[in-house]
Amino acid sequence: MGKRGFIFSPGGFNSVIEELSKKYLIYAPVLKVGEGRFTDTDVVRYDFVNEVADIELEKKSDYSFKEILTPLSQTLFFFTENDVKEANIDERETLVFLRSCDLNALKRLDQIYLKNGREEDYFYARIRDKVKFVLMGCEHSYEDCFCVDMGTNRADDLDFSFSVDYIDNKFKCLLKDENLSLVFANNALKEEEVIPGFVTENDTKVKLPKDVPLSIFTSDMWDEYTARCIGCGRCNYVCPTCTCYTMQDVYYTDNGKVGERRRVNASCMVDGYTNVAGGGEYRKKHGDRMRFKTMHKIYDFRKRFGYNMCVGCGRCDTVCPEYISFSNIINKVTAEIAKTDELKEVQSEN
Ligand code: SF4
Ligand code: SF4
């Protein structure tokens, strides 16, 4: 794939977006005024756009892009007494604007849905095949981001169609998809080298644990979260790397033989997630759920796939109604492990 840099005026880049919107659905962060958690607060979440003015280029999105690939509720198929019919999906191609942490999160979603077993997840793959990505450069770090320590502050080597940085009233784009060369060349002010913006430092720092002793799983450090966490699951729903789902059958008839099957996002922090046949329920304490989530994000996934699941987007910190900070939890795990190591050293000296 060749790479070419283009510089656009706002009008020129808008013409590119208008032209692309004839072929693609364009899905990007949008500022939703007055739709935030509290009265008179805003929220940035993903929606379809037709022009540049609709895209929130400055603020970090509170919710992630993942809803385009793993909708909160997705009808998979309809069933009647004798037949099953797969649900239709929008056949148009989609272009998704996202930042470096989220493009790295896409790698985690693909890992789980496409490469975590003998078969690809069919319902994920059929949407994924239609989606391409636009990398939004980061000119500065945002509140709660810790992408640098998670190694997700850059995405140059990942697959995207083009990048976009809005600097000094100009749009700077690095084009990788040669199929878009004509529309870019026709609307640009000039061609010049472009490097997508990325940050090299965040205010929030994390120190990741390397080796994890079993003692961390029984540590009393998790009790704090039994007391503080209310098990609302908001942290999971905003997380670009959380992939858990559950199934729901919705019946149209009393005999339960006609209806639809839906795949619905699930949360490991919410009551009911671990319910099993026979009335069993695991991780009842919120602290145990926090331990499970934390170790999955910074240990279990890495053990299996060689890299961490968490991308350090910081959204879970921002959204938590109890002000629980995931970056703090990572640092506490590392400190707890260091304490255990020190204790072992003292014991072996004695
Ligand atoms: S765990 Fe939190 S910081 Fe890590 S990827 Fe998920 S939302 Fe982002
Ligand atoms: S950590 Fe915060 S956002 Fe997550 S379930 Fe607990 S209270 Fe809710």
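Which residue in β12 is the bridge partner of Gln248? Hold that thought for a minute while I set things up.

What we have here is a predicted model, so local features need pLDDT of at least 70, side-chain atom pairs count only at pLDDT 80 or more, and totals for chains, interfaces and linings use all residues. Residues are numbered from 1 along each chain as its sequence is written, chains are lettered from A and ligands numbered from 1 in the order in which they are written, and side-chain values use heavy atoms, with hydrogens and water left out.

Okay, back to the opening question. In β12, Gln248 has Arg262 as its bridge partner. When I say strand or helix, I mean a DSSP run, numbered from the N terminus: helices are H or I with at least four residues, strands are E with at least two. Two strands pair if DSSP finds at least two bridges between them. Strand β11, residues 245-251, pairs with β12 in the antiparallel sense over 7 bridges. β12 also has β4, residues 73-79, as an antiparallel partner, joined to it by 6 bridges. In that pairing, Phe78 stands opposite Glu260.

How much of strand β12 is buried? It's 5 of the 7 residues in 259-265, so the strand is largely enclosed by the rest of the structure. Buried here is under 20% relative accessible area, exposed is over 50%, and partly exposed is in between, using a 1.4 Å probe on protein chains only.

Staying in that neighbourhood, the side chains of Glu260 and Arg262 meet in a salt bridge, 2.8 Å from N to O. The cut-off for a salt bridge is a side-chain nitrogen of Lys or Arg within 4 Å of a carboxyl oxygen of Asp or Glu. Glu260 is buried at 8%, while Arg262 is partly exposed at 26%.

That's one of 23 salt bridges found in the whole structure. Let me show you a couple of others. Glu19 bridges to Lys22, with the closest N and O atoms 3.2 Å apart. Both sit in helix α1, residues 10-23, and they're 3 residues apart, about one turn of the helix. Glu19 is partly exposed at 38%, and Lys22 is exposed at 66%. Then there's Lys205 with Glu201, at 3.1 Å, N to O. Lys205 comes out partly exposed at 43%, and Glu201 exposed at 55%. There's also a network of salt bridges linking Lys23, Glu93, Lys132 and Asp177.

Which strands stand at its edges? The sheet is open, has 8 strands with mixed pairing, and runs in the order β3-β2-β6-β7-β8-β9-β1-β10. The edges are β3 (43-49) and β10 (190-191), each with a single partner strand, so one side of each is left without a neighbour in the sheet. Within the sheet, β8 (residues 162-167) and β9 (residues 170-175) pair in the antiparallel sense over 4 bridges, and Asp165 has Lys172 in β9 as its bridge partner.

On to the inside. A nonpolar core is a set of buried Ala, Val, Leu, Ile, Met, Phe, Trp, Tyr and Cys residues joined through side-chain atoms within 4.5 Å. The largest one has 28 residues, and Phe65, Leu69, Val96, Leu103 and Phe133 touch the most other members. The elements giving two or more residues to this core are β6 (93-99), α2 (100-114), α3 (122-128) and β7 (131-136). Helix α2 gives the most, with 7 residues.

Take Leu103. Leaving out residues up to four places away in sequence, its contacts (heavy atoms within 4.5 Å) include Leu98, Phe133 and Phe160.

Last stop, the ligands. A residue is near a molecule if one of its heavy atoms lies within 4 Å of it. Around ligand 1 we find, among others, Cys239, Cys310, Cys313 and Cys316. By class, that shell has 8 nonpolar, 3 polar and 1 charged residues. Nonpolar covers Ala, Val, Leu, Ile, Met, Phe, Trp, Tyr, Cys and Pro, charged is Asp, Glu, Lys and Arg, and the others, Gly among them, are polar. Ligand 2 has 13 residues around it, with Cys229, Cys232, Gly233, Cys235 and Cys320 coming nearest. Its shell divides into 9 nonpolar, 2 polar and 2 charged.
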